[in-house]
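Subject: Handover of a structure and the findings from it

Dear colleague,

Please find below the structure that I am handing over to you.

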Amino acid sequence: MARKFRQREDTDKSGGKFYGFLFGALTGIISAICFAGLFALVISKSDLGENAITFASYGAAALGGLICGANCAKKIGSKGLLCGLGAGVIMAVLLFACGIALTGFKGTGGVIMPLVAIAASTVGGVVGVNFKK
């Protein structure tokens with residue numbers, strides 16, 4: 001008597017998309033931290049002024065957002081603009097929460113940086129969908 005095993009069916013199809021958004025946001029934040037460290041090393045070794053720190057942090061958020069959107073869109077596989085936007089919003093909320101927790105709300109930088117991350121992740125989502133696997 002051979003027993004037949006039924007394959008498990010994926011009952012929660014939306015959970016896969018949520019994990020795609022979460023994966024994209026986490027890879028974006030990790031890459032933004034790596035880029036921030038790299039930019040901090042470059043700024044400390046060179047003779048750049050105080051303004052370079054602000055531009056480097058915006059650049060790190062933008063590059064992290066680009067990677068965030070691209071990874072999310074590659075994971076989900078369609079609707080790159082919406083995937084990038086959704087993952088970018090998750091990343092922006094996490095960036096904003098970390099910024100508030102670490103430094104408090106000071107100036108407009110706490111508002112502009114999440115917006116830069118959202119814009120870059122939206123572009124990254126379009127790039128990620130159109131990128132060949």
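The notes below go from the overall fold to the core, the cysteines, the surface and a few individual residues.

Please bear in mind throughout that this is a predicted model.

Overall fold

The protein chain contains four helices and zero strands, and its pattern along the sequence is accordingly written α-α-α-α. Of the 133 residues in the protein chain, 27% are buried. Among contacts in the protein chain with a separation of 6 or more, 81% are between residues 24 or more positions apart. The accessible surface of the protein chain amounts to about 9,200 Å², and carbon and sulfur atoms hold 68% of that area.

The nonpolar core

The largest nonpolar core consists of ten residues, namely Ala25, Ile29, Ala32, Cys68, Cys72, Ala73, Cys83, Ala87, Met91 and Ala117. Two or more residues of this core come from each of helix H1 (13-45), helix H2 (51-76) and H3. Alanine 87, a member of this core, is in contact with Phe21, Ala25, Cys68 and Cys72 when its neighbours within four places in sequence are left aside.

Serine 121 is located in helix H4. Its relative accessible area is 0%, so serine 121 is classed as buried. Beyond its neighbours within four places in sequence, serine 121 is in contact with Gly65, Leu66, Cys68, Gly69, Gly84 and Gly88. Serine 31, for its part, belongs to helix H1 and is counted as buried because its relative accessibility is 11%, where the limit for that class is under 20%. Residues up to four places away in sequence not being counted, serine 31 touches Gly64 and Ile67. The C-alpha atoms of serine 31 and isoleucine 67 are 7.4 Å apart in space, although the two residues are 36 apart in sequence.

The cysteines

Why does the structure hold zero disulfides? In general, a disulfide is a covalent bond between the sulfur atoms of two cysteines. For cysteine 68, the closest cysteine sulfur is that of cysteine 72, and at 6.7 Å it is too far for a bond; the criterion applied is a pair of cysteine sulfur atoms within 2.5 Å. Cysteine 68 is buried, its relative accessible area being 0%. Cysteine 34, by contrast, has a relative accessible area of 51% and is therefore exposed.

The nonpolar surface patch

Helix H3 (80-103) and helix H4 (109-130) each contribute at least two residues to the nonpolar patch. The most is given by H4, which supplies three residues. Phenylalanine 96 is situated in helix H3 and is counted as partly exposed because its relative accessibility is 35%.

Leucine 95 is likewise found in helix H3. With a relative accessible area of 24%, leucine 95 is partly exposed. Leucine 95 and proline 114 are separated by 19 residues in sequence, and their C-alpha atoms are 6.5 Å apart in space.

A backbone feature to inspect

Where is lysine 79 found? Lysine 79 is in the loop between H2 and H3. Its relative accessibility of 61% means that lysine 79 counts as exposed. Lysine 79 is not a glycine, yet has a positive phi of about 55°.

Summary

The largest nonpolar core has ten residues, and the structure holds zero disulfides. H3 and H4 each supply at least two residues of the nonpolar patch, and lysine 79 has a positive phi.

Yours sincerely

Methods. Residues numbered from 1 in each chain as written. Predicted model: local features only at pLDDT ≥ 70, side-chain atom pairs only at ≥ 80, totals over all residues. Heavy atoms only, no water. Buried < 20%, exposed > 50% of the residue type's maximum accessible area, 1.4 Å probe, protein only. Contact = heavy atoms within 4.5 Å. Areas by Shrake-Rupley, 256 points an atom, 1.4 Å probe, with all protein chains shown as cover. Core = buried A, V, L, I, M, F, W, Y, C linked by side-chain atoms within 4.5 Å.
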